[in-house]
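Trainee: Please take a close look at the strand pairing in this model. Then place it among its surroundings.

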Amino acid sequence: MLIEAVYLKYNYDFRDYTGASQKRRVLAALRAMECETISALQARVMHDPAAFSQLLQFLTIPVTEMFRDPDYYLAIRRLVVPFLKTYPSLNVWVAGCSTGEEVFSLAIVLHEEGLLERTQMYATDINADSLEAARRGVMPLEKMRVYTENYQKAGGTRAFSDYYTAAYGGALFDRALIENVTFADHSLATDSVFAETHFISCRNVMIYFNRRLQNRVLGLFHDSLCHRGFLGLGSKESIDFSTYAQRFEPLAKRERIFRKVAS
Amino acid sequence: MTPGDDAMRATLRGRHFEAVVIGGSAGGVDALVALLPAIPAGFRLPVLCILHVPGGRESRLAELFDERLPVPVREAVDKEEIAPGTVYFAGSGYHLSVERDRTFSLSCEPPVHFARPAIDVLMESSADAYGPGLAAILLTGANHDGADGMAYIRARGGFTVVQDPGDAQVPTMPVSAINRCKPNLILPLARIHALLPMLEMNEP
């Protein structure tokens, strides 16, 4: 099978990703890469790292937006920031950061709350192209209208346009926002914890994983978080089905913000 | 002319269903309000409903129908096992799929036919999970979502019912599906209402 071959040859582990969505993405790759069958795609990918890199863009899901679910960011401002302010320095991990929309959104919140300068942010993903896009910090200009609305609903206190420069159809975000961001290649499926963190945001990443991999990832987060650290998930994500359900308590139930339980 | 109860039973003969999927768009809420009360208490099959809801807004459909139906009604949750005799609604903002182990999964992939959740996504994944054991109903709507899904279900041996375009509030979606696949039945809503309880009657 393609996914097994990808793991053996390239050490990218998609074996515990859920099937239906992965199937759609492989079929989309088949069409885009003009292969007749999955075995033809597999043969091509095995012999051509450039083709693998192309396939990787389909296997990962670089779909995200700035301030998606504004209530989440509002809850961070109101409920998490007051705790974060008590720390002299902060480590924040954006796991599965994709093309950086969430990194910039969080950086803006931290900036407006006076926390950005003392924060070291780790933005990780398995997709090198996505990480590169995140580093560039250029978003499509046509999205700015929606992002501005989201930003305002998320409790934004400035003019959103203060944060970017419009040029050549793109919105180039202020470099100062990501001055303390380390973008790094990290796989939630195979890699281990690399820092003690105060807040982890991992939104709409674990929905692509089966329960086994979800448990692994929640274990990583639990190990990484400091005593009573915070974990933010996507608006429809739950930890109820995981073996870690008892190790986190909800801080904002609807907004999916959890807190590590003292053990 | 639309078939009577006996004719519909004859069409269903030899079939054994394990799940029902219902898709709708513009006019779909009214259609479901008319249709879903056909589900009797103790209905054996899970019913997976998907309606296009304007983006950003939380869907309250599960709450709305939970008060009106004699079976449990819930919004589908990621990784949840699909229970028999339960009506599920796809929530807003995420695609809903059925996995082969008959659990739900959500995803944030781009909209299909401008829709997320998309009917095609739920229907195609349900067809992979249930094969000939799937019955699908496509209702009123103003776009082309569901046509590919219905064709795929048909190809996997599933049973397909499309609302009669003349009976639909907005006929685009039924017409598109009828052109794309040859559904097993094209029925006005009142007849789909009569059909729905029949879907659980045939034993293997």
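**Strand pairing and its surroundings**

Mentor: Start with strand E5 (residues 170-173) of chain A: four bridges join E4(A) to it, and the two run antiparallel. Ala166(A) stands opposite Ala171(A) in E5(A). Some ground rules follow. This is a predicted model, in which local features need pLDDT of at least 70 and side-chain atom pairs count only at pLDDT 80 or more, while totals for chains, interfaces and linings use all residues. Residues are numbered from 1 along each chain as its sequence is written, chains are lettered from A and ligands numbered from 1 in the order in which they are written, and side-chain values use heavy atoms, leaving out hydrogens and water. Strands (E, at least two residues) and helices (H or I, at least four) are DSSP runs, numbered from the N terminus. Two strands pair if DSSP finds at least two bridges between them.

E4(A) and E5(A) belong to an open sheet of three strands, ordered E3-E5-E4, with antiparallel pairing. Strand E3 (138-140) and strand E4 (164-167) of chain A stand at its edges with a single partner strand each, so one side of each has no neighbour in the sheet. The twist averages 30° from one strand to the next. Angles run from 0 to 180 degrees between N-to-C directions, with axes fitted to C-alpha atoms, for helices over the stretch in contact.

Another open sheet of chain A has seven strands, in the order E6-E2-E1-E7-E8-E10-E9, with mixed pairing. Its edge strands are E6 (181-185) and E9 (248-252) of chain A, each pairing on one side only. Neighbouring strands here are turned by 25° against each other on average, direction ignored.

Four bridges join E9(A) to the antiparallel strand E10 (residues 257-260) of chain A. Glu249(A) has Arg259(A) as its bridge partner in E10(A). For Ala252(A), the partner in E10(A) is Ile257(A). The two strands form a hairpin with four residues between them, and Arg256(A) in the turn has a positive phi of about 65°.

Contact means heavy atoms within 4.5 Å. Helix H6 (residues 101-112) of chain A lies across strand E1 (90-95), strand E2 (119-125), E6 and strand E7 (197-201) of chain A, running at about 170° to E2(A). Helix H7 (residues 128-136) of chain A lies across E2 and E6 of chain A, at about 165° to E6(A).

Now the partner chain. The contact takes 24 residues from chain B and 23 residues from chain A. About 1900 Å² is buried between them, with carbon and sulfur atoms giving 49%. Buried area is the accessible area (1.4 Å probe) that two parts lose on being put together, summed over both. Lys79(B), Tyr94(B) and Glu109(B) supply 34% of the area that chain B buries against chain A, more than any other three residues.

Three salt bridges cross the interface of chain B and chain A. The term means a side-chain nitrogen of Lys or Arg within 4 Å of a carboxyl oxygen of Asp or Glu. The side chains of Lys236(A) and Glu75(B) form a salt bridge at 2.8 Å, N to O. On the side of chain B that touches chain A, the elements giving two or more residues are strand E5 (95-98), strand E6 (104-107) and helix H4 (119-130) of chain B.
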